[in-house]
Structures are given as C-alpha cells and as structure tokens.
Amino acid sequence: MNNSTDIIIIGAGPSGTAAAMILAQAGKRVVLIERGDFSGCKNMFGGAIYTTPTKEIYPEFWNTAPVERGIIRHSYALLGELDGTTISYDKQSSGETYEAYSVTRAKWDRWCAQQAEEAGAVLVKETLVKEILKDGNRIIGVKTDTGEEFFSKIVIIADGVNSILAKQLGFRKDIKPEHVALSIKEVLSIQKEAIEERFNLSDKTGCTYTIIGGPMSGITGMGFLYTGTNTVSIGVGVSLDDLQKNFLKPYDILNELKKHPILSPLLKGATLKEYSAHLIPEGGFKTIPKLYGNGVMITGDAAMLVNNVHWEGTNLAMFSGKYAAETAIEALEKNDFSENTLALYEKKLKNSFILKDMKTYEDVVPTIEKNAEAFLGYYPQKVNEFMDMFTTVDGIEKKTKYTGFISSVFKEKTLPSLIKDGIKLVKLAAGVFVK
Amino acid sequence: MSVEKTTPGNIDEKLSTIKYKPDEKSHLSVINQDKCKDCNKACTFFCPARVYEWDESQQTLIIKYENCLECGACRIGCINQNINWEYPNGGFGVIFKNS
Ligand SMILES: Cc1cc2nc3c(=O)[nH]c(=O)nc-3n(C[C@H](O)[C@H](O)[C@H](O)COP(=O)(O)OP(=O)(O)OC[C@H]3O[C@@H](n4cnc5c(N)ncnc54)[C@H](O)[C@@H]3O)c2cc1C
Ligand code: SF4
Ligand code: SF4
C-alpha cells in the first residue's frame with residue numbers, strides 16, 4: 001500500500017466494512033485495516049442480522065451472503081430454578097425474505113469485507129493500528145504494529161467496544177464495569193434434522209430465545225439462543241460489575257443454564273464446536289463519546305452504539321459507518337476535513353433511528369441494573385409461581401389459591417416497595433413507548 | 001443464585017475448541033505484582049478463559065496469555081487498574097472460525 005490515501009478505516013467489522021464499501025463505490029481511495037487473519041476472526045455475537053437495515057447497505061444480500069436460517073420465531077423464557085414460562089411470537093415469512101437471519105461472524109464479516117474489496121477498497125489484514133497520528137489538533141494518519149506510518153485526509157475509527165484508539169485520542173473515558181456486559185457463548189453441533197424437529201422449524205427457518213432468570217436470577221444478565229443450519233449458539237451476557245462483585249465465573253453460569261430443564265432437552269447430544277467471548281457496550285446514550293474531530297470520526301461499538309435490550313448492534317454499526325462514509329464523501333468534495341464539516345456525521349446520526357433509539361432506551365439498562373434483584377429475580381420467579389398455581393389441578397378451591405398467591409406477594413414485598421417497582425416499570429415503559 | 005462451581009478441566013475443554021496463533025511475547029502483563037497480593041483476585045473469576053491464576057506459594061499472578069480471548073474484560077474489570085493490556089500484534093492471538 002502506498003503511504004497516503006483519502007480515507008483510512010480501522011477495524012473490518014460490520015461498521016468499518018460498510019463504510020469502506022460505500023466510500024469505494026463513490027470512487028474514493030480507501031484503506032481498511034484489520035488486526036485479524038481475516039475479517040470476523042476476532043468477533044462473535046448472538047446472533048442474527050436484521051434484513052431491513054442490512055439490505056439498504058447490501059441489496060439482496062440473502063442471495064449471496066453466508067446466511068443460515070431465516071428467523072420466524074422470537075421466544076422469551078423466564079426461568080425459575082427448575083421451571084419456566086416461555087412466551088413466543090411466530091411470524092412466517094410472507095415473501096422471499098425473512099425479517100432476520102442467523103449468521104456467524106467469521107463468515108459474515110468476511111463476506112462484508114469482500115464486498116468492500118470488490119468495490120475497490122484495499123483491505124490490509126493482520127495489521128494492528130497502535131497509534132493515531134496527529135499534527136496539532138488534526139488527525140493525519142495511523143501507525144501500525146510494525147512501526148509503519150500511513151497518512152490520510154480522514155481516519156474512521158471502527159475498532160469495536162474496547163476502542164483503545166478512541167480512548168487514546170481522549171474522545172472517551174475508560175469504560176466502567178457497569179457499562180459493559182461480558183458475554184460468552186458456545187456454538188454446539190446438532191444435526192440439522194434434530195434442530196428442525198426440536199424447535200419446530202422447516203428446512204430454512206430458525207428461531208431465537210432471550211432468556212431471563214435461572215442461573216442469572218437477581219443479577220444483570222440475559223441468556224440467548226440462536227439456531228444455525230446445523231448448530232445452536234447458546235450464551236449469556238452478564239454485567240461485568242456483577243461478575244466482579246459476586247466472584248462469578250461466566251462459564252459456570254452458562255454451564256448451569258445449559259442444564260436447565262427447559263433448555264437441556266433442546267441441546268441433547270450436542271457437541272461443542274467453538275467457545276468464544278466478547279464484551280457488549282451497555283452504557284447506552286449517556287456513554288456515547290465525542291463522535292468526531294478534525295479529520296476523524298468514530299463509529300459502531302467504538303462509539304457505544306448498541307441497543308442491547310433488543311440485541312441490536314450490527315445495524316447501528318453499519319448505519320453509523322454509512323453516515324461516516326457519506327460525511328467523508330462531502331468533506332472530500334469540499335476538500336475540508338475540519339471538525340465543522342465532519343459535524344454532519346453527528347447530525348445524520350441524530351436524525352436517524354440510531355440516536356433516537358439510544359435516547360429512548362437511555363434509562364432501561366441503568367434501571368434494570370439498579371433493580372436486578374426485583375426485575376430479574378423476584379418478579380420472574382413470581383410469574384413462574386403463578387403459572388405453577390394456575391396450571392396445577394389439586395382439589396383446592398381456585399379462589400383460595402389466588403388469594404394465597406396475592407398475599408404471598410404482600411408478605412414478601414411491602415406495599416410501598418411494590419408501588420415503587422410498579423412506578424419504575426411504568427416509567428420505563430412510558431420512556432420506551434411514549435417518548 | 002445457585003451456580004455450581006466448575007472444575008478447572010471444564011474450561012480447558014472449552015478452550016480446546018478454539019484455534020490460536022500465540023505470539024512469543026505476552027500481550028498482557030501486571031503492572032505491580034504487590035497490588036495483586038492485597039487484591040480480591042476478581043480477575044481469576046471473571047476472565048472467561050481462566051488466563052489468570054494466583055500462585056499461592058510464589059505469591060504471584062500467573063498469566064496464561066496464550067488462552068486469552070481478547071475480550072477486554074480484565075482491562076476494565078481489574079479493580080486496581082493493574083493490567084497492562086494490549087491487543088496481540090496483527091495476525092496473532094485467537095482465531096474464531098464459527099462464532
Ligand atoms: C454476545 C453478543 C450478541 C450480540 N448479538 C447481536 C445480534 O444478534 N444482532 C446484532 O445486530 N448485534 C448483536 N450484537 C452486537 C454486534 O455484534 C456489535 O454491535 C457489532 O459487531 C459492532 O460492529 P463494529 O464494526 O462496530 O465492531 P466489531 O464488530 O467489534 O469490529 C471491530 C473490528 O476492529 C478490529 N480491530 C480492533 N482494534 C483494531 C486495531 N487497533 N487495528 C486493527 N483492527 C482492529 C477487530 O478485530 C474487529 O474486527 C451482539 C454482541 C454480542 C457481544
Ligand atoms: S484484579 Fe488486578 S490487582 Fe487484582 S489480582 Fe487481578 S490483576 Fe492483580
Ligand atoms: S482479555 Fe478477556 S480473555 Fe483475555 S485475559 Fe482479559 S478477561 Fe481474560
């Protein structure tokens with residue numbers, strides 16, 4: 001690679017690859033730097049990519065991209081110690097495509113990087129950016145692990161949740177343990193036919209689970225499950241703060257979850273194909289760093305752009321990459337790379353679903369985290385107790401049972417604390433639905 | 001919360017499914033070993049790859065950097081900010097193929 005170019009992008013995840021492709025398509029000279037052997041080999045997620053946002057960047061991607069199953073069902077499992085209540089929403093596809101697709105990052109990110117390369121971007125792999133180069137208060141390039149220096153008019157930082165580089169620039173403070181969840185997952189091999197039978201799926205369809213309670217009862221943690229073609233991914237994400245304070249090992253929690261009677265039959269006979277770990281930004285709106293400066297923009301997880309209530313991240317990453325690319329194109333046309341011009345990037349984010357959603361959800365995680373004992377422990381347990389009582393046939397008059405259940409709640413919780421929790425929930429719901 | 005404690009073997013089995021290309025030099029180091037002595041050793045619990053182990057007889061923290069999954073949890077979660085944390089150089093470290 002020549003030592004100077006129009007745009008350098010650091011990190012070939014969903015954000016960096018989308019930005020690179022869009023810039024290359026506009027005829028700009030762009031270099032995309034990735035530390036891994038190939039794009040995706042350092043990354044893991046749940047996970048599924050969402051069709052509506054993804055197709056705006058990669059039209060008809062489902063025809064050529066390495067997608068596995070089309071998601072037709074979202075289940076929410078509230079687990080007790082041995083019991084559980086599962087709510088499922090099914091929606092079969094009405095057309096050619098599905099609302100979301102399960103993918104693995106090793107294949108998906110690699111495919112995205114290929115699209116960028118085909119558009120004309122230069123992908124430099126196995127190269128770690130160690131330092132952002134400055135001239136006064138202007139960003140002018142990067143320095144890599146081999147000591148080489150590369151220069152560009154704009155640098156886009158898309159290096160993911162840890163974003164050592166955004167921190168280096170002083171654009172963001174160090175992340176606090178309560179602002180990230182540590183996630184681990186296991187990809188389990190299960191025969192294709194067995195997956196379809198156990199999860200009630202067809203040849204091409206898939207499902208996901210969001211899991212609350214069980215071994216995560218009372219701590220800020222959620223489990224997830226996604227079906228692949230002949231694999232099932234199951235994992236947990238737990239607030240690092242909770243792991244740290246309670247001396248918990250994440251894999252103990254996952255082992256326990258896999259043994260839960262609601263889930264274990266689904267995983268019968270599975271063999272472990274791969275274990276992995278990754279952080280998820282959890283700080284939300286309040287932890288979004290400074291997003292741009294002279295000659296620089298920060299996108300995706302590096303900018304903490306994740307809506308973790310919905311396991312959404314790739315869409316925010318791709319779209320912030322797209323907005324940064326569009327802003328860079330304008331800047332190149334004006335030949336002005338100052339903070340003033342790049343402010344357009346933040347404007348675009350503000351006018352889009354990205355910052356609007358981040359704002360809508362800003363209180364959800366902090367409220368849940370502060371009240372994990374109640375919202376992720378006590379109430380889910382009560383749901384299961386209610387279902388147990390509701391479904392058991394035992395010769396006790398129903399009315400006596402209901403009164404017994406209600407008085408148990410009042411025995412365990414004082415009226416003021418119930419009202420307080422209720423208000424918190426209403427506030428949260430109002431914040432999300434009415435804002 | 002009822003979480004059964006694993007035997008160390010269990011995590012080794014999980015790690016054995018992962019491909020690594022370890023560098024000769026560690027990308028992780030402790031800044032001040034004395035600080036670890038008085039610490040609750042949280043890193044030996046939350047690290048998903050059990051990279052950190054407290055050696056009682058030597059009173060030092062052992063770092064099996066070859067097993068690191070590069071998640072960054074210890075960088076943020078070390079109570080004393082006592083870990084010098086870097087990514088491995090380009091091309092080295094963990095290679096996820098199926099996640
Ligand atoms: C457990 C889990 C489940 C999730 N589930 C979903 C889901 O189902 N759906 C969804 O849409 N989102 C999900 N997300 C969120 C989603 O994965 C992220 O939001 C998304 O990957 C962010 O993309 P990114 O490009 O910003 O960062 P990343 O994907 O992290 O990419 C950053 C890239 O930069 C590279 N890099 C880092 N530093 C350097 C450097 N100094 N030099 C060179 N290269 C560097 C890395 O190797 C990496 O390839 C999940 C996340 C987790 C952890
Ligand atoms: S948490 Fe930090 S200070 Fe404590 S033992 Fe681990 S590395 Fe040392
Ligand atoms: S980065 Fe993650 S896997 Fe590596 S040592 Fe730290 S906590 Fe363990």
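Analyst: Between them, domain 2 of chain A and domain 3 of chain A bury about 610 Å², of which 55% is on carbon and sulfur atoms. Buried area here is the accessible area (1.4 Å probe) that two parts lose on being put together, summed over both. The size of an interface is often given in this way, as the accessible area lost when the parts come together.

This is a predicted model, in which local features need pLDDT of at least 70 and side-chain atom pairs count only at pLDDT 80 or more, whereas totals for chains, interfaces and linings use all residues. Residues are numbered from 1 along each chain as its sequence is written, chains are lettered from A and ligands numbered from 1 in the order in which they are written, and side-chain values use heavy atoms, with hydrogens and water left out.

On the domain 2 side of this interface, A:Ile212, A:Gly218 and A:Thr220 lose the most area to domain 3 of chain A, together 65% of what that side buries. Ten residues of domain 2 touch six residues of domain 3 in chain A, where contact means heavy atoms within 4.5 Å.

In total, 40 residues surround ligand 1, and A:Glu34, A:Ala48, A:Arg105, A:Asp301 and A:Thr314 are the closest; a residue counts if one of its heavy atoms lies within 4 Å. These residues come from chains A and B, so the site is shared between chains.

By class, the shell around ligand 1 holds 20 nonpolar, 13 polar and seven charged residues. Ala, Val, Leu, Ile, Met, Phe, Trp, Tyr, Cys and Pro count as nonpolar, Asp, Glu, Lys and Arg as charged, and the others, Gly among them, as polar.

Strand E15 of chain A gives the most to this shell, with three residues. Helices (H or I, at least four residues) and strands (E, at least two) are DSSP runs, numbered from the N terminus.

Backbone atoms of chain A also approach the ligand. A nitrogen atom of ligand 1 lies 2.8 Å from a backbone N or O atom of A:Ala48. For A:Val129, a polar backbone atom is 3.0 Å from a nitrogen atom of ligand 1, and for A:Arg35 the corresponding value is 3.1 Å. The protein covers 98% of the 1000 Å² of accessible area that ligand 1 has on its own, as computed by the Shrake-Rupley method with a 1.4 Å probe.

Technical notes
Polar contact = N/O pair within 3.5 Å; in protein donor to acceptor, adjacent residues only side chain to side chain.
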